[in-house]
Amino acid sequence: MLYDSAEILHLEILQNKIKLFIEWENFPPHPKVTVYSALEIEADKIWWENIPNLYDPFE
């Protein structure tokens, strides 16, 4: 990871591809930087698995 933090702004799951639009940020003491990137990941098979009992650190 080139930056301190990342946030997924858009996520699209297709039959054999995932598209992500990501915002990357740096925080002090590093210089304040915000960068946006679009990523595409291709695979033979993609599935989405919900984990309702996964620990949420923000609650």
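Strands, in what follows, are DSSP runs of E of at least two residues, numbered from the N terminus. With that understood, the elements of this protein run β-β-β from the N terminus on. The model I am presenting is a predicted one.

Let me begin with the overall picture. The secondary structure comes to 0 helices and 3 strands. The radius of gyration is 15 Å, well over the 10 Å that the globule rule gives for 59 residues, so the protein is more spread out than a compact globule. Taken along the principal axes, the C-alpha atoms fill a box of roughly 40 × 30 × 15 Å. Of the 59 residues, 15% are buried. Among contacts between residues at least 6 apart in sequence, 24% join residues at least 24 apart.

A word on confidence. The mean pLDDT of the protein is 88, and 100% of the residues reach 70 or more. Among the elements, β1 has the lowest mean pLDDT, at 92, while β3 has the highest, at 95.

I turn now to the sheet. In general, strands of a sheet pair through backbone hydrogen bonds, in a parallel or an antiparallel manner. Here we have an open sheet of 3 strands in the order β1-β2-β3, and the pairing is antiparallel. Strands β1 (5-13) and β3 stand at the edges with a single partner strand each, so one side of each is left without a neighbour in the sheet. From one strand to the next, the twist averages 20 degrees. The antiparallel pairing of β1 and β2 extends over 8 bridges. To locate it on the structure, take leucine 11, whose bridge partner in β2 is leucine 20.

Between β2 (17-25) and β3 (34-42) there is a loop, and proline 29 is found in it. The peptide bond from proline 28 to proline 29 is cis, with omega near 10 degrees.

Next, the aromatic residues. How many aromatic pairs does the structure hold? There are 2. One of them joins tyrosine 3 and tryptophan 24, with 6.2 Å from centre to centre and 40 degrees between the planes, and this pair is tilted. Tyrosine 3 lies in the segment before β1 and tryptophan 24 in strand β2, so the pair ties together parts that are 21 residues apart in sequence. Are these two residues buried or exposed? Tryptophan 24 has a relative accessibility of 18% and counts as buried, because the cut-off for buried is under 20%. Tyrosine 3, at 22%, is partly exposed.

The other pair is made by phenylalanine 21 and tyrosine 36. Their ring centres are 6.0 Å apart and their planes are at 10 degrees, so this pair is stacked; the cut-off for stacked is under 30 degrees. Phenylalanine 21 belongs to strand β2 and tyrosine 36 to strand β3, so the pair ties together parts that are 15 residues apart in sequence. Phenylalanine 21 counts as partly exposed, at 35% relative accessibility. Tyrosine 36 is partly exposed as well, with a relative accessible area of 47%.

Finally, I draw your attention to the segment after β3, where proline 52 has its place. At 79% relative accessibility, proline 52 counts as exposed. Proline 52 and lysine 19 are 33 residues apart along the chain, and their C-alpha atoms are separated by 23 Å.

Key
Residues numbered from 1 in each chain as written. Predicted model: local features only at pLDDT ≥ 70, side-chain atom pairs only at ≥ 80, totals over all residues. Heavy atoms only, no water. Helix = DSSP H or I, 4+ residues; strand = E, 2+ residues; numbered from the N terminus. Pairing = 2+ DSSP bridges. Axes fitted to C-alpha atoms, helices over the stretch in contact; angles between N-to-C directions. Phe/Tyr/Trp six-rings, centres within 6.5 Å; stacked < 30°, edge-to-face > 60°. Buried < 20%, exposed > 50% of the residue type's maximum accessible area, 1.4 Å probe, protein only. pLDDT = per-residue confidence, 0-100. Rg over C-alpha atoms; globule rule 2.2 N^0.38 Å. Contact = heavy atoms within 4.5 Å.
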